[in-house]
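Colleague: Please take a close look at the aromatic rings in this model. Walk me through one part in detail.

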Amino acid sequence: MELKGVTAINNILNEFLEQFDCSADIGEDFCYWERTSEINYAFVVASNNDIWFKEFARSLMPNLNCDIFLLSLFHEIGHHETIDDIEDDVLEECWKVKDELNQKKTFTKEDNFRYFNLPDEKAATEWGLQYMIDYKAEVADLWRKLQPAILNFYRLNDIH
């Protein structure tokens with residue numbers, strides 16, 4: 001099944017992401033691909049994970065209130081912006097923990113917070129949160145363009 005409306009979302013995101021020298025495309029979940037500098041985004045992700053991620057982000061930046069899509073997007077941009085600042089041995093340890101957690105069939109809240117607090121994940125989240133605070137008007141402008149495109153995506157694909 002081909003999803004309708006993705007091109008409009010990609011165009012908005014990729015225009016915004018040019019300043020970071022990375023790109024975006026729809027995927028199964030939010031993630032960052034270091035080799036290609038591509039961010040995947042998604043609309044239907046595990047709701048508990050979203051709730052726990054928002055809770056974690058709020059613990060770092062209590063006054064920030066934004067849509068989970070933006071929070072996740074800026075977290076992934078944060079990976080792109082911070083990956084080179086993290087030592088290789090630290091990244092290797094992060095991947096070991098992630099592999100261990102991915103062996104589990106379900107993530108508990110504690111598993112999620114362990115994941116969120118890994119050095120690479122926390123650095124990405126902190127970068128994203130700080131960017132949203134420092135460039136509030138720019139982020140608001142992105143959301144003004146993006147939100148109607150996302151709502152149109154839902155309408156075109158009969159998602160309720």
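**The aromatic cluster**

Modeller: Ring pairs link Phe16, Phe20, Phe74, Trp127, Tyr131 and Tyr135 into a cluster. Rings of Phe, Tyr and Trp (its six-membered ring) pair if their centres lie within 6.5 Å; planes under 30 degrees apart count as stacked, over 60 as edge-to-face and the rest as tilted. The model is predicted: local features need pLDDT of at least 70, side-chain atom pairs count only at pLDDT 80 or more, and totals for chains, interfaces and linings use all residues. Residues are numbered from 1 along each chain as its sequence is written, and side-chain values use heavy atoms, with hydrogens and water left out.

By this pairing rule the count comes to 19 aromatic pairs. Take Phe20 and Tyr131. Their pair is edge-to-face, with 5.5 Å centre to centre and 70° between the planes. Phe20 lies in the loop between helix H1 (6–17) and strand E1 (23–26), and Tyr131 in helix H6, so the pair ties together parts that are 111 residues apart in sequence. Helices (H or I, at least four residues) and strands (E, at least two) are DSSP runs, numbered from the N terminus.

Phe20 is buried, at 9% relative accessible area. Tyr131 is buried too, at 7%. Buried means under 20% relative accessible area, exposed over 50%, partly exposed in between (1.4 Å probe, protein chains only).

Tyr131 also pairs with Trp127. That pair is stacked: 5.2 Å centre to centre, 20° between the planes. Trp127 and Tyr131 are 4 residues apart in helix H6, so about one helical turn separates them. Trp127 counts as partly exposed, at 22% relative accessibility.
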